[in-house]
Amino acid sequence: MECLYTSMKRGSTLFLKVVLLLIGAVTLVGLIWFPQTEGRATNLDLISIYKDPLIIYIYIASIPFFVGLFQAFKLLNLIDANKAFTQDAVNTLRIMKFAALSVIGFIALALLYIRFFVHGDDLAGPTALGIMIGFASIVIATAAAIFQRLLQNAVDMKSEKDLTV
């Protein structure tokens with residue numbers, strides 16, 4: 001029975017790791033491919049496309065996203081190693097929370113820039129996309145904060161138990 005549980009746990013974490021890798025790969029491909037298809041890039045050479053300040057900002061803003069994905073992958077590795085109730089797992093969740101909050105901040109700045117400095121008729125699409133990604137980041141940050149607090153309580157209780165024995 002224990003072997004079946006361990007097998008199911010490893011299968012679940014393996015599935016989640018594959019999903020995280022796919023999310024990272026699709027995002028990376030999108031970050032590389034999208035600037036070439038964007039409207040302003042139609043008459044530009046490859047170097048000029050990627051020198052656009054907005055594209056550079058998007059690449060900088062994607063760093064916390066990839067940090068969060070890496071931390072989620074690291075947390076799954078800790079779960080596989082039966083180290084879920086350790087301070088390392090708590091620290092991983094804390095970093096995930098700050099990465100999600102950073103993504104929210106970058107999106108908010110981008111939306112403010114689009115709203116006040118970009119002139120055009122079709123700003124609803126980028127605004128809606130920013131709001132959806134921001135909402136998803138808020139959900140992730142909230143979940144990471146809750147799990148961090150719960151895990152920290154569990155780690156504290158475990159250390160108290162270890163001290164009394």
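Trainee: Is Phe 117 buried or exposed?

Mentor: This is a predicted model, in which local features need pLDDT of at least 70, side-chain atom pairs count only at pLDDT 80 or more, and totals for chains, interfaces and linings use all residues. Residues are numbered from 1 along each chain as its sequence is written, and side-chain values use heavy atoms, with hydrogens and water left out. A relative accessible area under 20% counts as buried, over 50% as exposed and in between as partly exposed (1.4 Å probe, protein chains only). At 59%, Phe 117 is therefore exposed.

Trainee: How many aromatic pairs does the structure hold, and what is the angle between the planes of Tyr 50 and Tyr 59?

Mentor: Rings of Phe, Tyr and Trp (its six-membered ring) pair if their centres lie within 6.5 Å; planes under 30 degrees apart count as stacked, over 60 as edge-to-face and the rest as tilted. The structure holds 4 such pairs. One of them is the stacked pair of Tyr 50 and Tyr 59, with 6.3 Å centre to centre and planes at 20°.

Trainee: Which class does the pair Tyr 113 and Phe 117 belong to?

Mentor: The ring centres of Tyr 113 and Phe 117 are 5.7 Å apart and their planes stand at 35°, so the pair is tilted.
These two residues are 4 apart in helix H4, hence separated by about one helical turn; helices here are DSSP runs (H or I, at least four residues), numbered from the N terminus. Tyr 113 is partly exposed at 40%. The class of the pair is tilted.

Trainee: What distance separates the end C-alpha atoms of H4?

Mentor: The expected span of a helix is 1.5 Å times one less than its number of residues. For the 31 residues of H4 (87–117) this gives 45 Å, and the separation of its end C-alpha atoms agrees, at 45 Å.

Trainee: Which helices do the buried residues of H4 pack against?

Mentor: The buried residues of H4 include Ala 89, Leu 93, Met 96 and Ile 107. They pack against helix H3 (53–80) and helix H5 (124–164).

Note on methods: Contact = heavy atoms within 4.5 Å.
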